[in-house]
Amino acid sequence: MPWEFGEVIKKLRENVPGADRVIFSTHCHNDLGLATANSLAGALNGARQLECTINGIGERAGNASLEEIVMSLALKGREQLADTGKLYSGINPVHITSTSKMVAEYTGMKCQPHKAIVGANAFQHESGIHQDGMIKNKSTYEIMTPESIGLMRGESQSGAGIVLGKHSGRNAVSTRLKELGYDLDADKLNAVFARFKEVAEKKKGGLDDEDLEALVTDQAGSINYLWEVTGLQVATGMQGIPTATVTMMGPDGVQRYVAATGTGPVDAVYKAIDQIMGVDVELEDYSMQSVNEGIEALATTRVVIMPKAAGPNETSKYHAQSGITSDRKFTGLGSDTDIINASARAYVSALNKLLTFSMRRKQQQAEEAAADDVDETSAPEPELAGKSPVAVAK
């Protein structure tokens, strides 16, 4: 233990003849995780040579870590070791990070992420309360700056090592969005944050800036939505027919569910959504791209739909100059770590835009008719869903 080891050094210096003419050295191993503590205890009691290694590599559990000893002396050498005078080393700490990476590369011995000073997570903050404290004052949770050991954090991660993950709070997400150029109002921020928490629960390692921007785009059309997917299950494979069971909540607050089959899992999901929402549209375009790299990357889906002619949701438009009547198209975007969920979100987003447009147009037509007193009968209520039979979730 540190107090035992320090006492050994002290007794040797007090009882060995000529001890004042030699330099006492420590060489501690990390079998109990106390190599650095024992080395510092030796320094406190007169040892002036502390043998240590980069990244703490060494026999068995390793040796005392050079970076831990150097930064301990730099931060606490004057304050905590005052009895023996100010203790310091001749090492320039700004080279610690580059040296640690070089040793890890040459030896093939990577540091664990939570390794003190040089670990990948040493200056990362994911907990909501930690992020809030770091944004307000970095010294709240960091005893040293990453720049002091040669880690140039700059303006990345809000300049405070913030990793946006499942433990992140609203303030951290809002701060990062503003740094990316998104100054959202309260409703939009709430929508993005709610979606962020859903994705963060499934995505390890936190969300990158590209992920966050994809979520902003994903939620751009979600305000005042009419229909929402609340449940989705798909069965597919090389044998059998792809089947999807979709549960949705409509504008009346009632959940409905439908099971449908298709040529593939996405087709089955779209057919089930069509039945629930009572729409008749053509899928003009479907595309998907990965926001970033890796198996857990966020996928963004983009769909373009067009109501079928003479269908219940026909929305043809007339061009005043050319005199050409064309069908109006609607675009939807959806992002998720699951490509089926992303596809469903994009499709429902486009359909919600279609239904919202239909409602506004019918309302406008009714107002114009009433103003002109053309027809005394009231305009029909806009249909938010078709008459296809669906099961109502109890």
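An open sheet of 3 strands, with the order S6-S7-S10 and antiparallel pairing, is found in this predicted model, where strands (E, at least two residues) and helices (H or I, at least four) are DSSP runs numbered from the N terminus, and where two strands pair if DSSP finds at least two bridges between them. The edge strands, each pairing on one side only, are S6 (281–290) and S10 (330–336). From one strand to the next the twist averages 20°, with axes taken as lines fitted to C-alpha atoms, for helices over the stretch in contact, and angles running from 0 to 180 degrees between N-to-C directions. Strand S7 (residues 299–307) runs antiparallel to S10 and is joined to S10 by 7 bridges; Ile305 has Phe330 in S10 as its bridge partner.

The model is predicted, and local features therefore need pLDDT of at least 70, side-chain atom pairs count only at pLDDT 80 or more, and totals for chains, interfaces and linings use all residues. Residues are numbered from 1 along each chain as its sequence is written, and side-chain values use heavy atoms, with hydrogens and water left out.

Helix H1 (residues 2–15) and helix H2 (residues 35–44) have axes that come within 8 Å and cross at roughly 35°. The crossing of H1 past H2 is right-handed, the near helix being turned clockwise from the far one by less than a right angle. Contact, meaning heavy atoms within 4.5 Å, brings Pro2, Phe5, Gly6 and Ile9 of H1 to Ala37, Asn38, Ala41 and Gly42 of H2. The residues of this contact comprise 5 nonpolar, 3 polar and no charged, with Ala, Val, Leu, Ile, Met, Phe, Trp, Tyr, Cys and Pro counted as nonpolar, Asp, Glu, Lys and Arg as charged, and the others, Gly among them, as polar.

A cavity is a set of points, on a 1 Å grid over the protein atoms alone, where a 1.4 Å probe fits but cannot get out, and its lining residues have an atom within 4 Å of a point. The count comes to 1 cavity of 30 Å³ or more, and about 30 Å³ of space lies in the largest cavity, with grid points joined across faces, edges and corners and the volume being the space filled by probe spheres set on the points. Ser174, Leu177, Lys178, Tyr182, Asp183, Leu184 and Leu189 line the largest cavity, and helix H6 (residues 170–179) gives the most to this lining, with 3 residues.

Notes
On a 1 Å grid over the protein atoms alone, a cavity is a set of points where a 1.4 Å probe fits but cannot get out, and a pocket is an open set with protein on both sides within 12 Å along at least five of seven lines; lining residues have an atom within 4 Å of a point.
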